[in-house]
Structure formats: structure tokens, C-alpha cells
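Have the sequence and the 3D view ready, and let's take a walk through this protein. We'll start with a couple of neighbouring residues and then step back.

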Amino acid sequence: MADIPGDTSGFPYDGFVFTVSGTPSPEAQGTRDGDDDDLTDDHAPSCIETGTALIKRGFVVIPLDHPSYEKCRGAHGPKNPCDLKRGKHPLGPWAESKGFPSACRTAEDVYSWASGRSVNWGVLTGPSNLVVLDEDEPGDMAILCGKLGILTPDTLSVTSGREGGGRHYYFRPPADYEVRNTVGLGGYKIDVRGNGGIAIAAGSTHQTGAVYHWADETKPIMPLPDAIIGLLKGEKDRRRQEKIKLRESGVPTQRAPREKTGAEVGRHDETVRWAGTWRELAIPLTEAKRKLRIIWSGFDQPADKALYTWDEALADLEDVYDRYPEGLKPATDEEMALIKSMSRQEIDALPPQERQRADDLLDEEEARKRNEARLIREREQHHYADIVGKQLAQKRWAEEQRVEEPDDDFGAIFDQLTSDDNIDRRPKFGYIADDDCGLFYEGTTNGIYGKSGIGKSLILARLHVEAMRAGKNVVHWEYDNNSTKMIIQKLVDAGATRDMVVNQFKILRAEGDLETLDSGYAHEVGLVTLDAILPAISALGGDVNQPGGVDMALRTFMQPFTVRGAVGFFIGHVGHQEQDRQAGSHRLFGAMQGSVYLAEVIRQPQRGDRGLVTLTLKKDNQGEAGEVNRLAAYVTYDSTHDDGKLRVHFTRERDQKIIQDEAAEEYAGRKQRAANAEELEKRTIWRLLQEAGEAMNVPTIHTKLADMKESISEKRIKVRLEALVADGIIFIDQAASTGSTKRGGRPSKHFRATSLPRADY
């Protein structure tokens, strides 16, 4: 057989599936003709672990065909025949209109699909709240971003298993625009997977045998850049206008019907595509016929009439071989190494046919190297243009948007600060209910950080309402993908009125939105907030791991307002692996001039209940908020009131109602544990009587339980026996009791298990 090139390894030659090394995989050797029962499946445990790990990330996944099987296991039918792209086809129905019936949302779903079989996993991008950009040509993403004037986003990504490389970039979709599937973004080999799309997940196996893997699984999922959203909208509008023009000109927008049916055309095209590939790879015609026979036999055709006969398929194959010249047969690694080691004189001394092949292979190698060098130069050029262009743009933006400090009388300020008056420099904003000060300073940037899901956004809404009740305007920068409706809902829960929301609250989602603010509104801003700081830094093109990125974000989002006395406040979301690297880092602390707190949950906030979070002071640049690294305040969330409003309070002392609730819960827990212990002892005694099959008195039961290492006193045994008798689980054996007496002549009660116990015993 001819050498199987890497490009076509995934196809089942001779009933085997070839791995990267060219040998059949063990799974493929263990099965023939799709017999599941004979399959030796070494992949199943890792498939379950992979699927479960994806579920824990919050993804909704779907099981796909695994290329280790001889035939595709995808749920194909007459309308969607297999296209021989192994490892990518769903095992069950997954239509969006039917609610994704094969989707896996829990670990139990994953186990039901992956137990006892090998599966790949696909991420359903829509239900997972994702947009995935699939880069098929390495470097295209960097070039596209360079032309859009942005840096390549530093987001979570998966390295593709396809030969030649590629990468899947994961993003969060915009709240106000639905991203659908599309191909060829910006004219590059970048496909978009949005609502209705599937992205092959990390841990899956490509038909070449290579495995998809995370490029860096600690990366966060960044918002889809505004520049790419604009590009998607522009292409959608362009296609709509083209259709309108075609309709107005009278030209039909659908293709004219062909003589062949759609199924016939699909099979013909599939045959021609494979034939062209084999001819280009210099595979002999006899070998190509054998391969085609396998492909043709896999086509879905009616039982009574073959729409695409073998003779027709064979004629298409021979036509391609007649019309196109033979391509250059790929060289093995050994052959290429031998040719490279030969001198020019040695190559010229070879027989004509071998000399021509050696020259062709060397030319092809040289062309490949030139192309790689060209791509590297393009990437470097665009990367440099990205950095320089972004820096210049940021510099221009800072100059244009710089807000000058008010014309204050410096002498008056000096006199005020040095006077004998007792100036209270403690923070005033974020007032504390049982104290006469607050948590956050005016005229500078403050913040809180902590793990996701502990109610930081509820604290944010509470601060918004506090500022608006004081008659101040609020500017909120949203970079955490919360919709406008979600933000306003939290304001309503926190007690905001309609007038506050309409007249005193603005949401900005991009740096350019600052231009939309009226100067009168901007001068009355008392609070500027940012949720969250890391994606905001990335949106500006900054590096979250460099001090310059933090400074850029503060200058852009906070400084225009804090110089006029507004309170600046940011939220930092910290993952379980990133608590020290993100908002807890010295870089971020160094940039903050106010107070920064670590939020940690004690009692999870939830509707209809009370929640409790602690705020530990981690930095205080003004020196008046408290002792650093000590507990500064409690945050109490209370949604137990009839009006449904969520009340958030800052206090120095722990909420008494929560203390009472915790005490009640602890008492109930102890009571339940005692009940569980009692039930366990009853079951143990019943099983002893059941297995013994004879009547026993208390001392005998106590002795046998001691032999079983069960420590139950005779007093407790008596109490448990009485309860079991009352439940009808055991009964007093009068005959055995009559024949046995205690000291003093009284009968000794003997107990026996019933023959028909309750179902729960």
C-alpha cells in the first residue's frame, strides 16, 4: 500500500483508523463493522473526566463521534449524510429549535453518554453563553486584529488538533446583539460559532490522532471585542443589501434547479473531492479505486434504487485521474532527511526520475520555508502596528478626554488643612449603619475583590442608590457582560426609584461612550464604578499583568471624575487560582489611592433569606479606614421583607438575626444528627435479629453487638427495642420469654424480627 499522508489519516483504510504514527489505534483494532460489544474501550474514563471538567466550567456540551471507531457514530440521516470528517458529528439530535435534546448539563448527563464508549465533546456555544472564533490558518487572527486596530485578545483558547495548527478563541457575546454562525470572517480563514454552533472541546481527538488542548486554561474568557462585533454587523448588513439588490433587479436569489437531485450532486462532489486529493498525493489509480469503494458503500442510498451507482462513481474517479496530472508524492521523514544530507553533485548523479523528485521536494521545502517566513514577518509587522497604534491612540484619547482639576484656591486648602479645626479624614461613602463613617474615600479610587457569586454586584447597586439618594449622578462602566436589564433590576431591588434610574444613572460600555455624556451631567457625578477591572484593561489593549495596564484603566475610566471629588469604585473578580495574581496583587494595590477590601462569603446571599459577607481591609492609602489585614465590616443581605426589596447593610458588628438563624440551624443540625444516630442503632439491632433468626433478650443482644464492635449500652438497646416493637419491625416472642427468667423469677423478654419488615428496612 502507498504511504498514507498525514492529511488523510482519519480515513478508515482497511477497516483501521490510523493514528499519527500510522499504526491502527487499539480501539479500532478491537471493533469491526460497528460492533459495540466487542469494543475494547480505553478512552471512556478520560472521556467522562473531560466532559465533567467542561460542565464544571459552566459549558453545555454534546457528545460527538470518536475517530477511533471504524465507522462514524454520528446521528446521520438522509438529509445529513456523513461527510467523512470524523470526530465532529453529534451522537444524538441537538436542534436548537427542540431545546438541544442531547445536550449534557450535569455530570450525570455526561456519564450516561460516555460510560462504556469513546466520545469527543462539543461545546454548544449558544447555551454556554459563548462566541468561538475558529482560526483555521495560524496567524490569521493576529492579522485580522491588526487591521482592526486592536491587539489579539488574551482570552481562553483551545489549540486545534488539525494538521497545520489552528486555534479556537473563546469570548463572551455582547448583550445587545445576537451572534450567529458565519464563515470567512473579514475574508480570513476564521469561522464564527455563536447561537446554533458547536466548537470541538479541549480533550477531544482529531481524526489525525492529535488531541485538542487548552493553550492556557487559566486565562479568563474575555468579552468579544467591539471591533469584531462591528465587523460582524457590517458583513450581515452587506449580505442583506446584496439580497435586496438581487430582488430589485429581478435576478433570482436561489440557484437554478440541477438535473441531478441534491443527494446525487452531494455524492458526486464528494467523490470528485476525494479523487482530486488522491491524485494530488500521487496515489495510484488501483489504490484510489479501493478507497473509493469504501466511501461509496457508506453513502446513504434507497434500498430499491441506487441514485448514484458504483459505475458512475468510478467514472468520476477516472475522469479526475485523466484530466489532472499526478501530484508530488509526499516524502517520508527518512527520505527527506537523506535528500537534505546530499550535496548538489550527489543529487545530479542520481537517475533522471529520482533527480527530478529530489529537486521537486527541495523546491517544495524551500517554498514552505519562504511562506513561513512571510507569515512571521506579517505577524511581527501587524503586532508592532497594533502596539504602536494603540499607544498613540491611547495618548490622543487621554489628551482629548483629560479633565482639568477645578480652579481651587490652593492657599485656602492649605489653611484648612493646617487649621486647628478637627478635620475628619475618615472615609464617608458607603456609610456604616452602626458607625458615623463609611468604607470608601471621595476623590480617589477604591474597590473590593473576591470570588465570583458572593454578591459583589449587590454591593455595587447599594452604593449606586446611596449616591443617587444624596442627589449625585452615577456613571457605571460595564465590562462584565451584564445586560442593562440585569443592572437596572439590581437597582430596583436596592430601592432605586424610576426618576433615579432615568435621570441620575448612566451605563457606559466602551471608552468612546464618554463623549456621549453631557458636560452638566459629568460635573455632577458623585460616583463612578467599574465592573470589572480586568476585562476593562484588556478592552483598552493593556496587559493585566503589567502596572501600565492598571494605570491606563484608572486614567481612562476613573480620573475624569475623581479629580472633581467623585468616589471611584471598582470590582475585581478573582478565580480560585488567581486570588493572588489579580486584584490581590501588589501591582493593583500600588495603583489604588483609596481603600481596597477583600470580600469573603460567610452565608451565601439568596432570595428570601439573609446573606453575610465579610470585608477585610487590604489597603488604606489614606490611613483612616482602619487596620490593614483586619476585618473592617460585615455586609448583610436581607431579602426577607414582604416588598421583595433586597436591603444591603454595612455594619461593624455581626447581624443579630443571622446569629440567631445560625444558632437555630446548628440546633436543628444537632437534632437531626441525633435522629440519624437513633435510626442507625435501630437498623443495626433489627439486622442482628434478622440474621440470627432466633429470639434474644437484651443482655444477649448487647453481647453480640459488642462482638460486632458496636457500642450501644443496654439502656439504649431497651429504648430502641421498644421503638422497633411499636413500629411493628420486631415482636416479643412470648414462648421464648416464658421459658426464661431474670433474677427474682420474672420472665425475661425475648425479641424476634418479623418475617416481613417494612420496605425501608
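Thr50 is buried, because its relative accessible area is 18% and buried means under 20% (over 50% is exposed, anything in between is partly exposed; the check uses a 1.4 Å probe and protein chains only). You'll find Thr50 in helix 2, which covers residues 44-56. Helices here are DSSP runs of H or I with at least four residues, strands are runs of E with at least two, and both are numbered from the N terminus. Leaving out residues up to four places away in sequence, Thr50 touches Trp121, Ala202 and Gly203, where contact means heavy atoms within 4.5 Å. Ala202 sits 152 residues from Thr50 in sequence, yet their C-alpha atoms are 7.9 Å apart in space.

Gly51 also lies in helix 2. Is Gly51 buried or exposed? Gly51 is buried, with a relative accessible area of 0%. Setting aside residues up to four places away in sequence, Gly51 touches Val110 and Trp121. Gly51 and Trp121 are 70 residues apart along the chain, with 6.7 Å between their C-alpha atoms.

## Where the numbers come from

The model is predicted, so local features need pLDDT of at least 70 and side-chain atom pairs count only at pLDDT 80 or more, while totals for chains, interfaces and linings use all residues. Residues are numbered from 1 along each chain as its sequence is written, and side-chain values use heavy atoms, with hydrogens and water left out.

Now look for an open sheet made of 3 strands, in the order 1-2-7, with antiparallel pairing. Strand 1 (61-64) and strand 7 (198-200) are at the edges with a single partner strand each, so one side of each has no neighbour in the sheet. On average, neighbouring strands of this sheet are turned by 35° against each other, direction ignored (axes are lines fitted to C-alpha atoms, for helices over the stretch in contact, and angles run from 0 to 180 degrees between N-to-C directions).

Strand 1 is joined to strand 2 (residues 120-124) by 4 bridges, and the two run antiparallel; strands pair if DSSP finds at least two bridges between them. Leu64 stands opposite Asn120 in strand 2.

## Rings and charges

How many aromatic pairs does the structure hold? There are 6, counting rings of Phe, Tyr and Trp (its six-membered ring) with centres within 6.5 Å; planes under 30 degrees apart are stacked, over 60 edge-to-face, and the rest tilted. Tyr479 and Phe557 make a tilted pair, because their ring centres are 5.4 Å apart and their planes are at 55°. This pair links distant parts of the chain: Tyr479 is in the loop between strand 11 (473-478) and helix 14 (484-493), and Phe557 is in helix 18 (residues 547-562), 78 residues apart. Both Tyr479 and Phe557 are buried. Elsewhere, Phe59, Tyr170 and Trp214 form one aromatic cluster.

Some rings have a charge over them (NZ of Lys or CZ of Arg within 6 Å of the ring centre and within 35 degrees of the ring normal). Lys233 has its charged end over the ring of Tyr177, 5.2 Å from the centre. Likewise, the charged end of Arg293 sits over the ring of Trp310, 4.6 Å from its centre.

## The whole protein

Zooming out, the protein has 23 helices and 20 strands. Of its 761 residues, 42% are buried.
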